[in-house]
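Please work through the exercises below with the sequence and the structure open beside you, and try each task before you read its solution.

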Amino acid sequence: MGSMAEYLLDEPEKAFNAAELAVLAAYFRREMFTVLHERGTGHWGGAASSIELTTALYFNRLHINPCDVRWQGRDRFILSKGHASVNLYTVLAHRGFFPAEDVHTFRTLGSYLQGHPCMAKIPGVDMSTGALGHGLSAGLGMALAAKLSGRKYWTYVMTGEGCLDEGQSWEALMMASKYKPAGLVLLVDYNKVQLDGTEAEIMPLTPLKEKLRAFGWNVCPSDFDGNSTVDILSSFRWLDGDEIWPKAVVYDTVKGKGVSFTEGRNTWHGAVITDDAYARGIVELNADLEKKEAAL
């Protein structure tokens, strides 16, 4: 008999509830950890901090069709923090965009699943990303295209601190507040840790919500735990609450979430998951998955 997560994935089209999303996120987090260990490369910290959010988007929120990846009416999602690509690949694969086993070819020579997402090669990827900061500009363009064409799709852009350190992001924030395209949503994976240290050490963004509001955005006033599927679904309800655009939600998350010795540590931004680290970490990830499955 397969796991509860595998049972849930037999019905990927349903809108999963918070408990089911928690199971899927734990299952995907474990798979990411395994893939990165197998390959000896990749970015664990930021992928682990945002897996609940991408899981909730693709298994509860987004209007998409894996059988028609260029459907013009689909919602768009841009992973501006493209180095966390193993997160997006894992979710896309289990959502049906390409075979799940292909995720294990991550960053191998000849694989289409390279270190950063490529829209020309990977089904379901709406924008090639990697150079931090340009995701919001691309998302703004997509949202403006919807406005001009009369389409009603939403455009979601996920950033991290690194993206918001870039001036291009703030230029896009200003332009978006001028044109106010409906459906444009900024989702901030705010784990407060970057490659070389903490956000406070490198480039403080505090007070982030106030800065976004000063740039003309409709910012959710509530504090959300971005590693809680209950909180994430609550944030989605806020998104549906008014027609004041563009909108932004800041999620407090934990870098390297799920493995105690990687949590909150910049050294695990892109470190190799050694055999010893894997042996210790997979025990915690298995226990977390079992706990969440038992709660269903």
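Predicted model: local features only at pLDDT ≥ 70, side-chain atom pairs only at ≥ 80, totals over all residues.

**Exercise 1.** Find out which strands pair with β2, and in which sense.

Solution. Begin with strand β1, residues 76-79, which pairs with β2 in the parallel sense over four bridges; here leucine 79 stands opposite methionine 158 of β2. Then turn to strand β3, residues 184-190, which also runs parallel to β2 and is joined to β2 over five bridges, with valine 188 in β3 as the bridge partner of threonine 159.

**Exercise 2.** Decide how many residues of strand β2 are buried, and sort them by face.

Solution. Strand β2 covers residues 155-159, and five of its five residues are buried. To sort them, recall that in a regular strand the side chains alternate between the two faces of the sheet. In β2, Thr155, Val157 and Thr159 lie on one side, while Tyr156 and Met158 lie on the other, and both faces are covered.

**Exercise 3.** Classify lysine 209 as buried or exposed, and describe its surroundings.

Solution. First locate lysine 209 in helix α10, which spans residues 208-214. Next compare its relative accessibility of 13% with the cut-off: buried means under 20%, so lysine 209 counts as buried. Finally look at its neighbours: leaving aside residues up to four places away in sequence, lysine 209 touches Val219, Cys220, Pro221, Ser222, Asp223 and Val250, and its side chain makes a polar contact of 2.7 Å with the side chain of aspartate 223.

Key. Residues numbered from 1 in each chain as written. Heavy atoms only, no water. Buried < 20%, exposed > 50% of the residue type's maximum accessible area, 1.4 Å probe, protein only. Helix = DSSP H or I, 4+ residues; strand = E, 2+ residues; numbered from the N terminus. Pairing = 2+ DSSP bridges. Polar contact = N/O pair within 3.5 Å; in protein donor to acceptor, adjacent residues only side chain to side chain. Contact = heavy atoms within 4.5 Å.
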